[in-house]
Amino acid sequence: MGHNKNFKIHSTSTNNGNFENPDSMNVDGLAIDEAGASSNLPNERTSADYYFDSYSHFGIHEEMLKDVVRTKTYQNVIYKNDFLIKDKVVLDVGAGTGILSLFCAKAGAKHVYAVECSDMADMAKEIVETNGYSNVITVLKGKIEEIELPVKVDIIVSEWMGYFLLYENMLNTVLYARDKWLVDNGIVFPDKASLYLTAIEDAEYKEDKIEFWNDVYGFDMSCIRKQAMLEPLVDTVDQNQIVTNSHLLKTMDISKMTPGDASFTAPFKLVAQRNDYIHALVAYFDVSFTRCHKLMGFSTGPRSRNTHWKQTVLYLEEKITICEGESIVGNMSVSQNKKNPRDIDIMLEYSFNGKNCAVSKTQCYKMR
């Protein structure tokens, strides 16, 4: 999941950590006709209405389907572990075009319930029929919290991850489905997700995106700079910009965690691997499928192959001049926004006491 936000592209890197790398995108044997779906919008609209309506447009699904790392990993997980799928009942949460449901049906699932709240559900039904899987896949249009299934399911599959892993808060929907519909000892795909933090040099782009507002054709628009600093930037970061180690902030076990576990405070320590300046901290995530015969998954980090999630850049108010071996220490707090739970509030407390400078600050960010 995850919508386009303001972004830059620095590089294309190809390493995917310790996970089996997906090969080139080729979803064989499936005819997906992604025509646009109409939408009937009520007068009274909530943030959830806007969220689901945004997924009615085929363009978002095109971007996700063309994300080779994302889609091919799910295909490999399902096809190469068909012994987990064969003759099992599967629930696809947030099915979109139904691609994961089609993978499961082709792998021999007894039945697949594909739940999709947006108008793309209508397209998914047609796609299922076009590909001859109407007897295996039932597309249900509605919210997972409101639909009813005739049976419990053996497996839940979902691509719920947003920018910064948790943006859009679809994880809670998966956890609701797990608690209500998954059999004891059932499988959740994916079942592990980890959030990481690193630090980068980014003088040129910070100057272009942030400091730009200090002098706009001779006028002071620094009030907008303050707003720009509050909003994390979704970018593709060049691995050569990385100055420190990566620190594991949080690992989530989707098969066991509670909804409250997605809000947390975690300490971090970032150690410089060279002398440089630090302009921003960067967050990214990994997901893994540990119930497979062989560990499978993917990383969205700067050293891995690009995905549509990119990375999340949190600019610092002041640059830090750091020497090799020196450390930035602090805490990151992550929580749902109280007014709109699909948004994320991030608080960053950090301090640095080095040879060339000392900093101690608290900064807040809002992912909208």
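**Strand pairing and backbone**

Author: Strand β13 (residues 327-336) and strand β14 (residues 344-353) pair in the antiparallel sense over 9 bridges. Two strands pair if DSSP finds at least two bridges between them. Strands (E, at least two residues) and helices (H or I, at least four) are DSSP runs, numbered from the N terminus. This is a predicted model: local features need pLDDT of at least 70, side-chain atom pairs count only at pLDDT 80 or more, and totals for chains, interfaces and linings use all residues. Residues are numbered from 1 along each chain as its sequence is written, and side-chain values use heavy atoms, without hydrogens and water.

Reader: In what order do the 4 strands of the open sheet run?

Author: The order is β9-β13-β14-β15, with antiparallel pairing. The edge strands, β9 (264-271) and β15 (358-367), each pair on one side only.

Reader: Which strands does β12 join?

Author: Strand β7 (residues 233-235) is joined to β12 (residues 311-322) by 3 bridges, antiparallel. There, L233 has V313 as its bridge partner. Strand β10 (residues 276-289) also runs antiparallel to β12, with 7 bridges. A280 stands opposite Y315 in that pairing.

Reader: Which peptide bond is cis?

Author: The one from F189 to P190, with omega near -10°. P190 lies in the loop between β5 (182-189) and β6 (192-200).

Reader: Is E168 buried or exposed?

Author: Buried means under 20% relative accessible area, exposed over 50%, partly exposed in between (1.4 Å probe, protein chains only). E168 is buried, at 3% relative accessibility. Its phi is near 85°, positive in a residue other than glycine. D87 also has a positive phi, near 65°, but D87 is exposed at 53%.
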